[in-house]
Amino acid sequence: MQAEQGVAAGRNETTGRAQDKGYPWLVADIGGSNARFAWVDGPGQPVQHVRKLPVAQYESLSAAAQAYLKELAGLGLAARPRRASLALATAIDGDRVELTNSHWTFSRSQLQADLGLDELRLLNDFEALALSLPGLRPDQVAAVPGPARSAPSGTLAVIGPGTGLGVGGVVETSGGWVALPGEGGHMTLAPANDYESELLSVARREFPHVSAERFLSGIGLPTLHAAVATVAGQPDAPRLTAEQIVERALGGDALCGKTMDQFCAFLGGFAGSVALTLGARGGVYIGGGIVPRLGARFFASEFRARFEAKGRFASYLAGVPCVLITDTLTALDGAAFALEQSVR
C-alpha cells in the first residue's frame with residue numbers, strides 16, 4: 001500500500017511539474033514557404049505530431065496554428081497548449097512581426113490572445129536552429145570535407161540557404177547555451193576573383209545592394225543563374241526557378257551546373273566569413289533545404305577550399321569543422337529548448 005502511495009505521489013509530482021510548465025507546448029518553425037508545427041507532451045518528451053502547412057494556403061499564422069490544433073483535436077489531443085515557442089524567418093522586434101519572405105504579418109499580443117496562451121516566445125528561425133546545434137545526433141548530420149566534428153563547445157555558427165539565407169550562432173556559457181540571433185544573410189556579398197566581380201556587377205543592374213541572400217537562397221538562385229548566363233554570353237537565357245535550376249544541374253545542364261558550382265563556391269566564402277565574425281571554432285553548420293539536395297556535387301565542390309581561403313587566417317579556418325544538417329526538423333527542437341530554458 002505504501003509503495004502504491006509512493007508511486008501515486010511520484011506521478012502527482014510529475015503531473016504537477018508538467019502543469020507548472022504549461023504542457024502541452026506548441027512549437028513551430030515558420031519559413032517563407034512552409035510552416036511546421038509540432039507538439040511537446042511533457043518534460044523530456046521529443047517533439048511529436050509534426051505537420052507541414054504551406055504558408056500560401058493560409059491567410060495568417062493564427063489561422064494556420066488554429067488549423068493544426070483543430071487537426072490534433074480530431075486525433076483526440078483536445079488539451080490546449082498554454083505555452084508556445086515559434087521560430088520565424090524574420091527579425092523579431094516589438095509587438096508587430098512581418099515575415100520577410102511571405103505575406104504573413106501579425107501582432108504578438110493578439111496571436112497570444114487568439115491561441116489562449118500564458119506565454120508566447122518568438123525567436124528568429126536561425127536563433128532556434130542555433131539552439132538545436134549542441135544536441136544534434138549523428139543521424140541528423142553529414143560530414144563535410146575537412147576536420148571531423150567533435151563534442152560541441154565554445155561557439156558554433158549556422159548558415160542556411162532555404163527560401164532566404166539565415167545566419168545564427170550559439171555560445172557555450174556557464175549558464176548553458178545562449179543563441180546569437182542576427183540577419184547575416186543580408187550582409188554584402190564579396191567577390192573572391194574577377195569572374196565573381198562580373199557576376200555581382202550584372203546583379204547590381206537589378207539590385208543596388210547585392211546581399212548574400214541575393215545569390216545564396218531559393219529567391220536568389222534565379223538571379224545568380226541569370227548573372228552566370230549573362231557573363232557566359234547568353235543574356236536571353238530563360239528565367240528559371242530555383243527548383244528548376246537545381247534539377248537541371250543534377251540532370252547535366254551545363255549552365256545550371258555552372259550556377260550551382262558557383263553557388264557552392266560563394267557559399268564557402270560566405271561561411272568562412274561568418275566563422276571569422278563569430279569566432280566559431282566549434283564548427284559551422286549548414287542548414288536549409290538547398291544544399292542537401294546537391295548530394296555528392298556539394299561535397300566535391302569548392303565549398304571547403306573557399307571556406308579556408310582567407311589569407312592570413314587560412315590556418316585558423318583549417319581547424320574549423322563544417323557540418324551539413326540533414327534533418328529538416330531541428331529548428332523545432334531548438335524552439336522547444338528555448339521554452340524549456342525559460343521555465344526552469
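In what sense do E4 and E7 pair, and over how many bridges? The two strands pair in the parallel sense, over six bridges. This comes from a predicted model.

**The sheet**

E4 and E7 belong to an open sheet of five strands. Its order is E3-E2-E1-E4-E7, and the pairing is mixed. Strand E3 (48–54) and strand E7 (119–124) stand at the edges. Each has a single partner strand, so one side of each lacks a neighbour in the sheet. Direction ignored, neighbouring strands are turned by 15° against each other on average.

| Strands | Sense | Bridges |
|---|---|---|
| E2 (residues 34–40) and E3 | antiparallel | five bridges |
| E1 and E4 | parallel | six bridges |
| E4 and E7 | parallel | six bridges |

Trp-39 has Gln-48 in E3 as its bridge partner. Trp-25 has Arg-83 in E4 as its bridge partner.

**Helices on the sheet**

Two helices can be described here. Helix H4 (residues 125–132) packs on the sheet. H4 touches strand E1 (25–30), strand E4 (83–88) and E7. The direction of H4 makes about 90° with that of E7.

Helix H13 (residues 330–342) also packs on the sheet. H13 touches E1, E2, E3, E4 and E7. Its direction makes about 135° with that of E1.

**Strand E4 and Arg-83**

Is E4 mostly covered or mostly uncovered? E4 is mostly covered: six of its six residues are buried. Arg-83, Ser-85 and Ala-87 point one way from the strand. Ala-84, Leu-86 and Leu-88 point the other way. Residues in both sets are buried.

Arg-83 deserves a separate look. This arginine is found in strand E4. Why does Arg-83 count as buried? Its relative accessible area is 14%, and buried means under 20%. Arg-83 is therefore buried.

Which residue of E7 stands opposite Arg-83? Glu-119 does. The side chains of Arg-83 and Glu-119 also make a polar contact, at 3.0 Å.

**In short**

Arg-83 is a buried residue of strand E4. E4 itself pairs in the parallel sense with E1 and with E7. H4 and H13 both touch E4.

Notes:
Residues numbered from 1 in each chain as written. Predicted model: local features only at pLDDT ≥ 70, side-chain atom pairs only at ≥ 80, totals over all residues. Heavy atoms only, no water. Pairing = 2+ DSSP bridges. Helix = DSSP H or I, 4+ residues; strand = E, 2+ residues; numbered from the N terminus. Axes fitted to C-alpha atoms, helices over the stretch in contact; angles between N-to-C directions. Contact = heavy atoms within 4.5 Å. Buried < 20%, exposed > 50% of the residue type's maximum accessible area, 1.4 Å probe, protein only. Polar contact = N/O pair within 3.5 Å; in protein donor to acceptor, adjacent residues only side chain to side chain.
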